[in-house]
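Hello,

Here is the structure I promised to pass on to you. Please have a look at it first, and then read my notes below.

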Amino acid sequence: MKKVMIIGAVRAGKSTLIKALFGESEPSTKTQSLIYRDWIIDTPGEYSENPLYYRSLIATSHETAAVVLVQDATRNRNYFPPGFEQGFPMLTLGVVTKIDHPKADIDRAISLLRQSLPEGEIFLTSAASTEGIQKLKERLMEIVKD
Ligand SMILES: Nc1nc2c(ncn2[C@@H]2O[C@H](COP(=O)(O)OP(=O)(O)O)[C@@H](O)[C@H]2O)c(=O)[nH]1
Ligand SMILES: [Mg+2]
């Protein structure tokens, strides 16, 4: 099975999203290193926030069929550099997390994500309400299966 790597800022909701994709709802603990779980690679938020780690992310991405850029719907800034998607030669897609949150602003999240991912699919999700999780899972399964 191919793999998918999940990247995004510290506390963007990456690990919780991964748990939700596996049907789990307990809180996630802080991710300190690359974590391989079945067909998903979880990454520490520092890897997306600190340019010192970009090489490591890009190197790891070569093991994957797709890279998922995560944007937290409650944040008012983009933690990826502009055009970050271009560093990844494989398929890239976007996921907005926490759309259930009272402070979520989905339009803002999409436009922030578009600065780093000008094209490609964007999925709107909430691990808390499970909205959008099944649809994302189906798409990712399609990517990793062949
Ligand atoms: N409201 C809400 N909070 C979430 C959701 N997903 C994650 N969180 C919260 O966001 C925080 C960071 O989540 P985590 O998955 O550890 O982020 P990571 O650092 O990107 O792995 C935690 O307090 C989560 O409970 C969601 O769908 N809705
Ligand atoms: Mg994490």
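Which residues line the second largest pocket? Before the reply, please keep in mind that this is a predicted model. The lining is made up of Ser15, Ile18, Lys19, Ser28, Thr29, Lys30, Thr31, Ile35, Arg37 and Asp42. By class, that makes two nonpolar, four polar and four charged residues. Helix 1 and strand 2 (35-37) each supply at least two residues of this lining, and helix 1 gives the most, with three. The space in the second largest pocket comes to about 160 Å³.

Now to the largest pocket. Its space is about 620 Å³, and 32 residues form its lining. If you want to find its centre on your screen, look for Gly13, Lys14, Ser15, Thr16 and Ser28, which lie nearest to it. Two elements give two or more residues to this lining, namely helix 1 (14-21) and helix 2 (45-49). Helix 1 gives the most here as well, with five residues. Sorted by class, the lining of the largest pocket has eight nonpolar, 15 polar and nine charged residues.

Where does ligand 1 sit? You will find ligand 1 in the largest pocket. Around it are 15 residues, and the closest are Arg11, Lys14, Thr16, Asp100 and Ala127. This shell divides into five nonpolar, six polar and four charged residues.

A polar backbone atom of Gly13 is 2.9 Å from an oxygen atom of ligand 1. For Lys98, the side chain takes part, with one of its N or O atoms 3.0 Å from an oxygen atom of ligand 1. With Ala128, a backbone N or O atom lies 3.1 Å from an oxygen atom of ligand 1. On its own, ligand 1 has 580 Å² of accessible area, and the protein covers 77% of that.

Finally, a word on the cavities. The count comes to one cavity of 30 Å³ or more, and the volume of the largest cavity is about 50 Å³. Its lining consists of Gly8, Ala9, Ala12, Val70, Gln71, Asp72, Arg75, Arg77, Tyr79 and Phe80. Five of these residues are nonpolar, two are polar and three are charged.

I hope you enjoy exploring it.

Best wishes

Definitions and conventions. Residues are numbered from 1 along each chain as its sequence is written. Chains are lettered from A and ligands numbered from 1 in the order in which they are written. This is a predicted model: local features need pLDDT of at least 70, side-chain atom pairs count only at pLDDT 80 or more; totals for chains, interfaces and linings use all residues. Side-chain values use heavy atoms; hydrogens and water are left out. A residue is near a molecule or strand if one of its heavy atoms lies within 4 Å of it. A polar contact is a pair of N or O atoms within 3.5 Å; within protein, one must be able to donate a hydrogen and the other to accept it, and residues adjacent in sequence count only if both atoms are side-chain atoms. Accessible areas come from the Shrake-Rupley method with a 1.4 Å probe; for residues, only the protein chains shown count as cover. On a 1 Å grid over the protein atoms alone, a cavity is a set of points where a 1.4 Å probe fits but cannot get out, and a pocket is an open set with protein on both sides within 12 Å along at least five of seven lines; lining residues have an atom within 4 Å of a point. A molecule sits in a cavity or pocket if more than half of its atoms lie within 2 Å of its grid points. Ala, Val, Leu, Ile, Met, Phe, Trp, Tyr, Cys and Pro count as nonpolar, Asp, Glu, Lys and Arg as charged, and the others, Gly among them, as polar. Grid points are joined across faces, edges and corners, and a volume is the space filled by probe spheres set on the points. Helices (H or I, at least four residues) and strands (E, at least two) are DSSP runs, numbered from the N terminus.
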